[in-house]
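Try each task yourself before reading the solution under it.

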Amino acid sequence: MTALVLFGMLGLLFACNAPIMLAVGASAFAALLIKGGMDPMVAVQRLYAGADSFPLLAVPLFMTAGQLMSAGGISQRIVRLADTLVGHLPGGLAVVSVVSSMFFAGVSGSAAADTAAVGSILIPSMVARGYSPAFAGAVQAAAGSIGVVIPPSIPMIVFGALTGASIGKLFAGGVMPGLLMGITLSAWCVHEGLRSGRETRRFEPAAVWPALLRAGWSLGAPAIILGGIISGVCTATEAAAVAVVYAFLVGLFAHRELDLRRLPALLLDAAVTSGVVMSIIAAASLFGWVMAIERIPAALADAILAVGGEGWMLLLAVNILLLLAGTMLETTAALILLVPVLVQLLPRMGIDLIHLGVIVVMNLSIGMLTPPLGVCLMVSCGIARVPLATLARAILPLLAVLVVDLMLVTYIPWFVAAFSTDIIAP
């Protein structure tokens, strides 16, 4: 009966388009009331405990760092550098969009922030160069999804907080998969450029060094974040705090583009965005706790295992489940609802916890490109000013490329282990 109320009310509230935090939290609270024998104040305590976590403190810090970096001129310099390096290729501006997003992914930790920061510059530029708005929006949405795979990554922080997995190892495990996504998307853009016969320009080696100098402070942020975590000097949360200070100082003194009068508004935007994410985490933590005391994850895992099959078949089934979940659930909610079930299946999958974390995040990053809850798709829609259905059709070839990348990462552990094997940071 408790499970029926838990999932039945959740589905009903989702169908009524209720906010995610309200749907998840109210369903869990109703299930506790039906179960009985427990003080309702326990629910309030679990809500607080769900957000009271040192690793999760990295979420608002990375949000703040992303706001400061965008306002401080970092995203514009990254785009100029990418244009110098790859803008001469066929389909050059599309490739610049992908490469810029890869650079910015090492700064923000958020796919939506990545899509908005780079897309606001490059989508109008692509349209002005003759690319269709749907194509420009689709490329930027797909490129923006890399933002949660290349570290830092807010979903990886949430996964680490849920499972106890090393966030440092998760970050390092996402490096090669993120590069793979960027390389394959760039290759597709070059193919489309060749197919459409777009004009190219000459590569100018002399322009590379000046562009690197202009973007030097911008590239320092991912170097500090990843270097500190991978070397074991700091945790992900401490690296996020350093990133905030670095972004503030660079924007104010190095680039001189950060206006102190805008600082309250930037901090308010970061606080609002962080508050939404943290409230969902708190509510989903209560939901996950109710599932745990009812042994729902273990029961679901047993049901899946009862179907039988080899480890590779189980991995394929898990990927299909996650891809479907990504189309219907917000990323944080999907993590907290599904990860407890997936962890139960680890012994049969033949992979370790870090590999599972990267697979989960890659799946949910693809979910950010599919309606109705594809956040990258919606951000690109707003910038490109095209209907969601039009952009959803245009992004289908890019989705196919990313699904192939997902399969490679799933069945070739080297992509995850390349940088994560000897990471010592917690």
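Two residues are in contact here when they have heavy atoms within 4.5 Å of each other. Keep in mind that this is a predicted model.

**Exercise 1. Find which residues Leu398 touches, leaving out residues up to four places away in sequence.**

Next, check its accessibility. Leu398 has a relative accessible area of 2%, and buried means under 20%, so Leu398 counts as buried. Now list the partners: Leu398 touches Ala138, Val139, Ala142, Leu185 and Trp188.

**Exercise 2. Work out how α2 and α15 are oriented relative to each other.**

Two numbers come first, since two packed helices are described by the angle between their axes and the distance between the axes. For α2 (residues 20-35) and α15, the axes come within 8 Å and cross at roughly 30°. Angles under 35 degrees count as roughly parallel, so α2 and α15 are roughly parallel to each other. As for handedness, α2 passes α15 in a left-handed crossing. On the α2 side, the contact includes Ile20, Met21, Val24 and Phe29; on the α15 side, look for Phe287, Trp289 and Val290, among others. Sorted by class, this contact has 15 nonpolar, 3 polar and 1 charged residues.

**Exercise 3. Now take α7 and α8: which way do they run relative to each other?**

The axes of α7 (residues 111-128) and α8 (residues 133-144) come within 9 Å and cross at roughly 155°. The cut-off for roughly antiparallel is over 145 degrees, and that makes α7 roughly antiparallel to α8. The crossing of α7 past α8 is right-handed. Among the α7 residues that meet α8 are Val118, Gly119, Leu122 and Ile123, while the α8 residues include Ala136, Gly137, Gln140 and Ala141. By class, the contact of α7 with α8 has 10 nonpolar, 5 polar and 1 charged residues.

**Exercise 4. Check the length of α4 against what its residue count predicts.**

Helix α4 runs over residues 58-71, which is 14 residues. At 1.5 Å a residue, α4 should span 20 Å, and its end C-alpha atoms are 20 Å apart, so the two agree. Now for burial: 10 of the 14 residues of α4 are buried, including Phe62, Met63, Leu68 and Met69. Just past α4, Gly73 has a positive phi of about 85°.

**Exercise 5. Where do Arg256 and Arg385 sit, and are they buried or exposed?**

Arg256 is in the loop between α14 (236-254) and α15, and at 71% relative accessibility it is exposed. Though not a glycine, Arg256 has a positive phi of about 55°. Arg385 lies in the loop between α20 (375-384) and α21 (388-394). With a relative accessible area of 77%, Arg385 is exposed, and its phi is positive at about 60° although it is not a glycine.

Note on methods: Residues are numbered from 1 along each chain as its sequence is written. This is a predicted model: local features need pLDDT of at least 70, side-chain atom pairs count only at pLDDT 80 or more; totals for chains, interfaces and linings use all residues. Side-chain values use heavy atoms; hydrogens and water are left out. Axes are lines fitted to C-alpha atoms, for helices over the stretch in contact, and angles run from 0 to 180 degrees between N-to-C directions. Helices (H or I, at least four residues) and strands (E, at least two) are DSSP runs, numbered from the N terminus. Angles under 35 degrees count as roughly parallel, over 145 as roughly antiparallel, 65 to 115 as roughly perpendicular and the rest as oblique. A crossing is left-handed if the near helix is turned anticlockwise from the far one by less than a right angle, and right-handed if clockwise. Ala, Val, Leu, Ile, Met, Phe, Trp, Tyr, Cys and Pro count as nonpolar, Asp, Glu, Lys and Arg as charged, and the others, Gly among them, as polar. The expected span of a helix is 1.5 Å times one less than its number of residues. Buried means under 20% relative accessible area, exposed over 50%, partly exposed in between (1.4 Å probe, protein chains only).
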